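Subject: Structure handover

Hello,

Here is the structure for your files. My notes follow it.

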Amino acid sequence: MARPMHCRFSMSIFMAFSIPWFVQSVTLQSDIEALQSLINGIDPNLIPPSSFLNTWEFGADPCDSTGGIFLGILCTEPQNNISRVSIIDLDESGYDGFLSVAIGNLTELTTLQISNNKFRGPIPISLYNLQKLNTLSLSRNFFTGSLPHEIQRLKRLVSLDLSDNSLSGSIPERISLLRSLNFLSLSNNQLTGQIPNLSNLWQLNTLDLSSNNLHGTLPHFPLNLRTLILSHNGLSGHISTLGAMTSLKTLDLSGNRFSGSITGEIVMLPNLNRINASLNSFTVVEVAQIPGGESQLQVLDMHGNTLSGHLPVNLVTYGNLTEVNLGSNLFSGQIPEEYGGKLGSEWRSLFLDHNYLVGTLPSEFTDGGGAYVRGSVAQNCLTRCPLNVRWCRGGQRSASRCNAQNGNTTVESNF
């Protein structure tokens, strides 16, 4: 059992030296030296007085301290009168510097959490010697370089968060050997290449690879995945394989180059409550009728594709749906009367703008519940959609453009 040892740093003259001779050390000497090396890698002028590191006073023993010193450090229970540092959990004080290679000497470390600071440079290779780590969070820093294959050594990792850095290169295939992973986020970096096969990560619940430069088609994912976020990459191809992932709750594919169909199997996944497939090149969305409104789907965002045909009327059978965005597509035909019945009672947001819809605006959009729903039907081919109606603000398309898109149908819009 680890016991909490409060630990923070004061920038004293002892910082660069080993613990004084008159203090009987409980902490392993190499651990003390590693902590000293860690703080020596940080600009002392940027350590705030109220920060954790300002309480790290090496006149005391890190694992035998009480009160308000050595905040952010936890240690193991003594074995043969020696304790080891097991947790480093720094506060978000904007520490600016480099992560010392001596971090690799803290071989009993189970948690390293230094998020939301200004650490920079490459992640030391020695860090991958910490084979007891189960939580590694270096997010929201300025780390650079690539992820080496040595990452496979961290086989006890449950949570790995390297998001919001400047990491580059490809995702190493050997990351699939980290089979205890429950959470993996590499988002907001500069990673390139294809996503490797991750199906062996059978305990993984959350995977976030968004906002990188990844390309290629979808690999095999673990079937138990609950959150899959791949937005803002250059991924392409079809997504039909996702229809087998029955545990999915959140799916975000936005801002890629996916094409083909969003299949009914995906839309009807039993636990799925959010789909964002916007800003892609999908041409078809299959929406089957849900008997009894049993779907968990709450948010459906498919704007910015090339979806065509009539609006999917079966959406009204999805009893938990509250937000719908089908804007900026190629939908034609009339707005289903059934949509009007959902406004205000269940649907709180409905965007159908920038399509080629014809006909008139159902009365529910201007009366009753429609007055309290966010949305737009601007830039369509509707008749009698005056600009003083909130839903119509932004006008309609020109008659010539509507007629060109909708074939021989004559459109008389009031713009």
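I start with β12 and strand β14 (residues 213-216), which pair in the parallel sense over 2 bridges. Two strands count as paired if DSSP finds at least two bridges between them; helices (H or I, at least four residues) and strands (E, at least two) are DSSP runs, numbered from the N terminus. Threonine 192 has asparagine 213 of β14 as its bridge partner.

This is a predicted model, in which local features need pLDDT of at least 70 and side-chain atom pairs count only at pLDDT 80 or more, while totals for chains, interfaces and linings use all residues. Residues are numbered from 1 along each chain as its sequence is written, and side-chain values use heavy atoms, with hydrogens and water left out.

Strand β10 (residues 168-170) also pairs with β12 in the parallel sense, over 3 bridges. There, serine 168 stands opposite glutamine 190 of β12. Buried means under 20% relative accessible area, exposed over 50%, and partly exposed in between (1.4 Å probe, protein chains only).

Now the chain as a whole. It has 4 helices and 27 strands. The C-alpha trace spans about 95 × 40 × 40 Å along its principal axes. Of the 415 residues, 54% are buried. Contacts (heavy atoms within 4.5 Å) between residues at least 6 apart in sequence join residues at least 24 apart in 49% of cases.

On charge, the chain has 24 positive side chains (Lys and Arg) and 30 negative ones (Asp and Glu), with His and the chain ends not counted. The centres of the two sets lie 2 Å apart, each charge being placed at NZ of Lys, CZ of Arg, CG of Asp or CD of Glu.

Serine 328 is found between β23 (323-325) and β24 (330-334). With a relative accessible area of 32%, serine 328 is partly exposed. Leaving aside residues up to four places away in sequence, serine 328 touches His303, Gly304, Asn305, Asp353, His354 and Asn355. Methionine 302 is 26 residues from serine 328 in sequence and 8.7 Å from it in space, C-alpha to C-alpha.

Regards
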